[in-house]
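Please keep the sequence and the 3D view open as you read.

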Amino acid sequence: MPKNSKAVKRELDDDVTESVKDLLSNEDACDDSFKKSSLIVNSQEGEGKECDVEEGGSDSEEEERPAWNSKLQYILAQVGFSVGLGNVWRFPYLCQKNGGGAYLVPYLILLVLIGIPLFFLELAVGQRIRRGSIGVWNYISPRLGGIGFASCIVCFFVALYYNVIISWSLFYFSQSFQQPLPWHECPLVKNKTSTYVVPECEKSSATTYYWYRDALDISDSISEGGGLNWKMTLCLLAAWSMVCLAMIKGIQSSGKVMYFSSLFPYVVLICFLARALLLKGSVDGIRHMFTPKLEIMLEAKVWREAATQVFFALGLGFGGVIAFSSYNKRDNNCHFDAVLVSFINFFTSVLATLVVFAVLGFKANIMNDKCVALNTNKIVALLGNGIEATLIPHHINLTQVSQVTADDYHQMIDIIKGVKENEFQRLGLESCSIEDELNKAVQGTGLAFIAFTEAMTHFPASPFWSVMFFLMLVNLGLGSMFGTIEGILTPLIDAFKVRKEFLTVGCCVLAFSIGLLFVQRSGNYFVTMFDDYSATLPLLIVVVLENIAIAWVYGIDKFFEDLKDMLGFAPYRFYYYMWKFITPILLLVLLCSSFIQLIMTPPSYNAWIQEEAVEKTLRFPPWGIGVCISLVVMAIMPVPVVFCLRYFNIVEEGSGGLAAVSYKKGRIIKESSRPEEDDDASLIHGKSPSEAPSPMPGNSIYRKQSGGGGTEGDTAPNGRYGIGYLMASTPDMPESDL
């Protein structure tokens with residue numbers, strides 16, 4: 001029998017049937033075999049129990065770690081996490097703002113240079129080490145363990161306000177079962193003598209008024225709290241309840257929900273696109289979107305915004321990608337997953353942009369027709385009183401204003417402007433251009449809850465389309481929330497061994513309690529604050545450190561060997577140069593430009609002024625600026641704190657990690673163990689012979705080889721193996737002899 005297949009058996013009297021020295025002598029030659037080995041625990045009845053053992057975890061934990069039911073479920077989870085609300089309302093806005101179709105060129109280039117390499121990196125480290133973000137970066141280098149804690153804090157900040165957006169969508173969804181829709185027209189106020197339109201609504205629009213006054217009941221500034229909005233409070237409670245119920249059983253429950261939450265938005269988007277293409281003016285919107293403005297591509301701002309969008313579209317740095325991939329099998333092809341999910345995300349953004357601009361094109365035509373009718377009536381009123389009847393072309397019949405087309409109106413305007421050039425402004429006539437309507441760039445909540453809702457009021461069967469649209473937003477939001485919450489729960493469960501059910505409920509209750517800040521009358525301004533300051537800069541720092549940790553601390557060559565071992569083939573050399581040089585440089589440039597922009601742009605927000613019915617940009621008060629700075633500092637603080645604690649040995653590098661017996665060059669390196677860990681069918685956790693627990697009577701533990709031998713030991717950067725090889729107590733053999 002070859003040495004590397006010898007059994008190690010431990011009886012009650014601690015006799016060792018095979019020499020431990022023989023086992024250690026084969027460490028270098030057969031390391032790969034050990035890493036792919038499994039434990040078989042034989043009970044008294046002779047029944048064998050087998051559990052896989054892989055790097056990054058103890059035997060007992062690998063036995064308990066859940067796994068995806070299928071590859072499809074896993075892909076849907078990653079797609080659901082990466083495809084979110086930003087694909088529907090931020091990407092179309094950036095496309096419109098930064099050169100239309102030309103914006104797709106820098107976006108695709110940066111997707112290849114930044115997005116896919118970093119996404120592949122996060123998938124690979126999660127799958128290899130099989131831990132959440134805290135465990136992964138502790139394993140790579142204990143001094144960089146703060147990266148995982150920083151990811152958890154950022155995830156928590158983002159979850160706080162992201163679920164508020166879901167609650168807004170739930171509110172609109174609940175209000176969509178009405179004909180006509182409640183935001184179809186401005187409300188009327190009746191008194192004893194007359195009936196009139198609410199002044200705030202008359203100055204703005206029906207959808208704008210409904211959003212700011214009926215839904216949010218917003219205050220005039222962030223300093224005016226105004227108390228809780230009870231409707232939104234109930235919606236927020238419903239949103240957190242949905243998240244809690246879906247996540248409470250881990251991926252066993254959230255994975256099943258993904259089949260609906262990830263696929264349903266595509267059904268709605270395709271239905272919306274088919275319907276919108278049949279509407280008047282939809283082609284105008286799509287043409288406007290894809291008309292490239294190539295000169296804008298030369299601006300640095302366009303590339304910076306494209307890089308930021310790539311970064312956030314894939315959910316990099318949150319820890320959700322790492323958490324989801326940690327439940328994969330070790331030989332899963334994560335490179336294929338990275339490319340597939342990245343391009344699904346890109347094509348989803350393009351599909352959503354087509355839908356948005358088709359609908360906005362339809363809306364622009366509606367608004368243009370209203371503008372033409374309004375200004376044609378003005379011309380009729382001015383005939384003989386500022387405008388001569390001879391200026392009106394003969395083929396235009398002003399007695400039937402409804403039949404005057406946009407072309408007819410523009411012809412009249414051109415003639416009147418040419419003749420009465422000096423007096424034209426005094427006449428108060430507008431140009432009424434579809435292009436002007438489409439150039440009114442809206443993003444975020446303005447696009448979803450104002451512009452899009454207004455367009456849907458003109459749809460036939462508008463309540464049906466409204467229900468579908470807001471149900472889609474709820475599903476998109478929930479898919480991203482599952483990944484965000486998983487980025488909090490998985491690392492904490494791996495690190496502190498708490499029960500998932502208790503941690504999930506506790507996290508959701510705490511988040512709902514803090515989230516009440518966002519459902520007071522000034523809550524929308526706090527959502528803006530958290531969106532601008534709690535994620536952007538901290539996440540960039542986290543991802544820069546992740547890239548440096550793998551490429552320069554762990555070692556890019558060693559990481560490539562790990563990938564070759566996992567995938568069964570060597571990744572393209574392209575990734576070697578990306579991870580080591582190109583991507584870190586691009587990330588540092590992006591980080592510096594974001595930091596400069598943050599300093600150059602004073603902290604401000606858009607406030608809705610009720611009396612004037614307009615948005616105004618206001619500066620944050622001094623305490624608000626303090627909160628903005630605190631959000632950034634709190635998010636990145638774990639990184640320097642953990643580094644200092646490890647560097648100055650205030651906390652030993654081995655403490656808090658996995659208790660294991662580690663081997664290097666034939667020596668046993670003992671580490672402290674956690675008393676609460678179960679030692680049954682696992683390692684002897686660095687205890688002295690007298691402290692080592694005895695197995696149950698009649699049990700025998702031996703290791704079965706399942707892989708080929710390797711040539712080099714695979715140690716962690718801190719000099720440890722991610723997994724200890726099974727050792728028996730050897731009271732009659734001193735450690736020096738080993």
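## Around V83

Beyond its neighbours within four places in sequence, V83 is in contact with Y266, A313, N345, T348, L476 and S480 (contact means heavy atoms within 4.5 Å). V83 sits in the loop that links α4 (71-82) to α5 (85-89); helices here are DSSP runs of H or I with at least four residues, strands are runs of E with at least two, and both are numbered from the N terminus. With a relative accessibility of 4%, V83 counts as buried (buried is under 20% relative accessible area, exposed is over 50%, and partly exposed is in between, using a 1.4 Å probe and protein chains only).

A word on the ground rules: this is a predicted model, in which local features need pLDDT of at least 70 and side-chain atom pairs count only at pLDDT 80 or more, while totals for chains, interfaces and linings use all residues. Residues are numbered from 1 along each chain as its sequence is written, and side-chain values use heavy atoms, with hydrogens and water left out.

## The annotated site

V83 is one of the positions that an unreviewed UniProt entry lists under "binding site", together with G80, N87, N345, L476 and S480. Although these positions are spread over 401 residues of sequence, they cluster in space, with a largest C-alpha distance of 12.5 Å. UniProt positions are given in the numbering used here with feature names shortened, and annotations may be inferred rather than shown by experiment.

N345 belongs to helix α17 (residues 334-382) and is buried, at a relative accessible area of 1%. Leaving aside neighbours within four places in sequence, N345 has contacts with S82, V83, N87, Y107, A313 and L314.

## The chain as a whole

There are 28 helices and nine strands in the chain, and 56% of its 738 residues count as buried. Among contacts with a separation of 6 or more, 78% are between residues 24 or more positions apart. The chain exposes about 31,100 Å², with carbon and sulfur atoms supplying 60% of that area (accessible areas come from the Shrake-Rupley method with a 1.4 Å probe, and for residues only the protein chains shown count as cover).

## An enclosed helix and a hairpin

Why is helix α24 (residues 523-533) described as largely enclosed by the rest of the structure? Because eight of its eleven residues are buried; among them are Y525, F526 and F530. The cover over the buried residues of α24 includes α9 (146-175), α25 (536-567), α26 (573-600), β5 (604-609) and α27 (622-636).

Strand β5 runs antiparallel to β6 (residues 614-619), and six bridges join them (two strands pair if DSSP finds at least two bridges between them). Y605 has L618 in β6 as its bridge partner. The two strands form a hairpin with four residues between them, and A613 in the turn has a positive phi of about 55 degrees.

E546 lies in α25 and counts as buried at 3% relative accessibility. Not counting residues up to four places away in sequence, E546 touches E122, W137, I147, S151, G317 and I322.

I548, W552, V553, Y577, F581, I582, I585 and V589 make a nonpolar surface patch of about 720 Å². Patches are made of residues with over 30% relative accessible area and no salt bridge, joining like charges within 9 Å and nonpolar side chains (Val, Leu, Ile, Met, Phe, Trp, Tyr) within 5 Å; a salt bridge is a side-chain nitrogen of Lys or Arg within 4 Å of a carboxyl oxygen of Asp or Glu. The largest share of the patch, five residues, comes from α26. F581 is in α26 and counts as partly exposed, at 37% relative accessibility.
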